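The model is shown first.

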Amino acid sequence: MAHDKGLDNVAVHWPRTGQYYDPVAPAEFVDFGAIADAPEIAAPTGALALHIAKTGTVRATAYTELVDLLLGLEGVLYATDAAAEDEDPVIDPDGCAWIAGGLERFVEGHEQFGDLVTFDTVAAVMRTAIAGGRLPEQQLRWLDHRLAALRDDAGNAPHWSFARTELAILAGFYRRCAERGFAVFADY
């Protein structure tokens with residue numbers, strides 16, 4: 001899915017009360033700022049946590065392909081299904097819980113691979129998870145197809161490089177929205 005501008009996921013009050021969604025005050029996320037100040041935290045993790053603390057927003061563009069792969073849908077962070085149904089690109093609190101849960105399970109499953117999340121480690125975590133599930137052969141074929149579709153014309157994998165802690169912070173943003181009854185507006 002290509003868009004000219006970047007994608008922001010903005011925490012908003014749910015449901016909307018008028019024509020527009022009211023943004024959630026950044027104070028609801030102020031505790032994320034303490035994570036950014038921790039001395040051992042990876043720079044991307046700190047930057048994401050600080051941005052969430054200051055704005056109540058995630059700059060989601062960098063995470064869209066990964067989240068789509070992990071959750072098995074297209075345009076999750078763009079809220080494309082919601083946009084088609086409701087005319088507003090919004091992820092409701094239940095959708096936030098679903099996104100958070102998928103990211104949390106991935107972060108936990110990635111622990112054995114260390115803190116650096118790459119295309120190859122994502123594939124390994126997903127293969128491990130699928131192997132223990134229902135219909136593993138069918139699911140592995142689906143995964144191989146999805147992984148191949150993410151490669152460029154020359155067969156090169158996406159240059160993903162995330163800290164596992166960064167993805168934990170991302171999950172934390174959606175978990176906070178779910179727990180406090182906030183929605184997320186996809187602004188692009």
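At 49% relative accessibility, L135 counts as partly exposed, where buried means under 20% relative accessible area, exposed over 50% and partly exposed in between (1.4 Å probe, protein chains only). L135 sits in the loop between α6 and α7. Its phi is near 50°, a positive value in a residue other than glycine.

The model is predicted: local features need pLDDT of at least 70, side-chain atom pairs count only at pLDDT 80 or more, and totals for chains, interfaces and linings use all residues. Residues are numbered from 1 along each chain as its sequence is written, and side-chain values use heavy atoms, with hydrogens and water left out.

Most residues other than glycine have a negative phi, and most peptide bonds are trans. A79 also has a positive phi, about 55°, although it is not a glycine. A79 is found in the loop between α3 and α4 (80–86), and at 4% relative accessibility A79 counts as buried. Just after α3, G72 takes a positive phi of about 75°. The peptide bond between W14 and P15 is cis, with omega about -15°; P15 lies in the loop between β1 (8–13) and α1 (32–37).

**Overall layout**

The chain has 8 helices and 6 strands. Helices (H or I, at least four residues) and strands (E, at least two) are DSSP runs, numbered from the N terminus. The order of the elements from the N terminus is β-α-α-β-α-α-β-α-β-α-α-β-α-β.

Along the principal axes, the C-alpha atoms fill a box of roughly 45 × 45 × 35 Å. Of the 188 residues, 44% count as buried. The chain exposes about 10000 Å², of which carbon and sulfur atoms supply 51%; accessible areas come from the Shrake-Rupley method with a 1.4 Å probe, and for residues only the protein chains shown count as cover. Among contacts (heavy atoms within 4.5 Å) with a separation of 6 or more, residues 24 or more positions apart account for 70%.

**Helix packing**

Helix α3 (residues 64–71) is mostly covered, with 7 of its 8 residues buried. The buried residues are T64, L66, V67, D68, L69, L70 and L71. They pack against α5, α6, α7 (136–150), β5 (162–163) and α8.

Helices α5 (residues 93–110) and α6 (residues 119–131) have axes that come within 10 Å and cross at roughly 100°. The two helices are therefore roughly perpendicular, the class for angles of 65 to 115 degrees; angles under 35 degrees count as roughly parallel, over 145 as roughly antiparallel and the rest as oblique. Axes are lines fitted to C-alpha atoms, for helices over the stretch in contact, and angles run from 0 to 180 degrees between N-to-C directions. F106, G109 and H110 of α5 meet T121, V122 and V125 of α6. These contact residues divide into 3 nonpolar, 3 polar and no charged. Here Ala, Val, Leu, Ile, Met, Phe, Trp, Tyr, Cys and Pro count as nonpolar, Asp, Glu, Lys and Arg as charged, and the others, Gly among them, as polar.

**Individual residues**

| Residue | Relative accessibility | Contacts |
|---|---|---|
| T165 | 28%, partly exposed | A42, T45 and D115 |
| I41 | 23%, partly exposed | I35, A36 and G46 |

T64 belongs to helix α3, and T165 to helix α8 (residues 164–180). I41 is in the loop between α1 and α2 (43–55).

T165 and F106, the latter a residue of the α5 contact with α6, are 59 residues apart in sequence and 11 Å apart in space, C-alpha to C-alpha. I41 and E166 are 125 residues apart in sequence, with 9.1 Å between their C-alpha atoms.
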